[in-house]
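Hi everyone, thanks for coming.

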Amino acid sequence: METQGPGLILATTTALPQALILFCEQLINFPPQRRQILLAVSDRWVPDSRVDAIANFAQRLGRPILAVNVAYGSENSAAEVSPGERVLENVAKHLRAGNAQVETLLLFSDDLGQALLNTAEEHHASLILLGLSSKGMLARLIEGNVAQEIVRSTTIPVLLLPPDWSSPL
């Protein structure tokens with residue numbers, strides 16, 4: 001486990017329980033107006049045991065989840081049902097099956113990181129939960145690194161989940 005400034009802990013799979021203890025301590029001491037966990041959901045996310053673990057984590061903390069997908073572009077350029085909308089519906093369904101309180105939000109923006117940061121502030125998120133992708137260096141250079149942008153620009157705690165993570169929270 002490695003501390004990276006205020007509110008950020010990078011957790012490897014083996015250090016995840018220690019990181020979560022620190023996050024829980026931070027969340028308990030967070031101002032009462034900051035209640036939701038913002039869960040950033042990509043178009044490629046497939047609901048599985050990770051979503052079940054997130055639902056269980058949120059329920060134990062007594063925090064509702066705001067599942068957010070940010071699509072590139074504008075609403076006018078979107079298809080009738082975007083891939084992000086389908087993924088959000090599936091993730092929300094799995095979260096609700098785990099008895100989590102969940103709202104979904106589909107956004108359109110050319111700046112994914114800033115859209116997530118603005119949403120976290122507007123909805124008073126107590127935690128930003130991001131799943132890291134296994135994309136390579138070239139893809140990160142072309143697409144940018146949303147996780148890095150968020151970590152550098154927020155004072156809200158950020159939990160980064162490795163791409164191969166499958167442990168309970």
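**A walk through the interior**

Leaving aside residues up to four places away in sequence, Ile-65 touches Ile-37, Leu-39, Ile-54, Ala-55, Ala-58, Leu-95, Ala-100, Gln-101, Val-102 and Glu-103. Please keep in mind that what you see is a predicted model.

Now, let's step back to the whole chain. It has 6 helices and 7 strands, and from the N terminus on the order is β-β-α-β-α-β-α-β-α-β-α-α-β. Of its 169 residues, 41% count as buried. If we take the contacts with a separation of 6 or more, 79% of them are between residues 24 or more positions apart. The accessible surface comes to about 9000 Å², and carbon and sulfur atoms hold 52% of that.

So what is inside? In soluble globular proteins, nonpolar side chains tend to be buried together. Here, the largest nonpolar core has 25 residues, and Ile-65 is among those with the most contacts inside it, along with Leu-39, Val-41, Ile-54 and Leu-95. At least two residues each come from strand 3, helix 2, strand 4, helix 3, strand 6 and strand 7. Helix 2 gives the largest share of this core, with 6 residues. There is also a second, separate core of 19 residues, which includes Leu-38, Ala-40, Leu-112 and Ala-120.

That brings me to strand 3, residues 36-40. How many of its residues are buried? The count is 5 of 5. In a regular strand the side chains alternate between the two faces of the sheet. In strand 3, Gln-36, Leu-38 and Ala-40 point one way, while Ile-37 and Leu-39 point the other way.

Which strands pair with strand 3? One is strand 6, which runs parallel to strand 3 and is joined to it by 4 bridges; there, Gln-36 stands opposite Ala-125. Another is strand 4, residues 65-72, also paired in the parallel sense over 4 bridges. In that pairing, Ile-37 stands opposite our opening residue, Ile-65.

Let me finish on strand 6, residues 125-131, where we find Ser-126. Is Ser-126 buried or exposed? Buried means under 20% relative accessible area, and Ser-126 counts as buried because its relative accessibility is 0%. The side chain of Ser-126 also has a polar contact of 3.5 Å with the side chain of Arg-63.

That's my tour, and I'm happy to take questions.

Conventions: Residues numbered from 1 in each chain as written. Predicted model: local features only at pLDDT ≥ 70, side-chain atom pairs only at ≥ 80, totals over all residues. Heavy atoms only, no water. Buried < 20%, exposed > 50% of the residue type's maximum accessible area, 1.4 Å probe, protein only. Polar contact = N/O pair within 3.5 Å; in protein donor to acceptor, adjacent residues only side chain to side chain. Pairing = 2+ DSSP bridges. Contact = heavy atoms within 4.5 Å. Areas by Shrake-Rupley, 256 points an atom, 1.4 Å probe, with all protein chains shown as cover. Core = buried A, V, L, I, M, F, W, Y, C linked by side-chain atoms within 4.5 Å.
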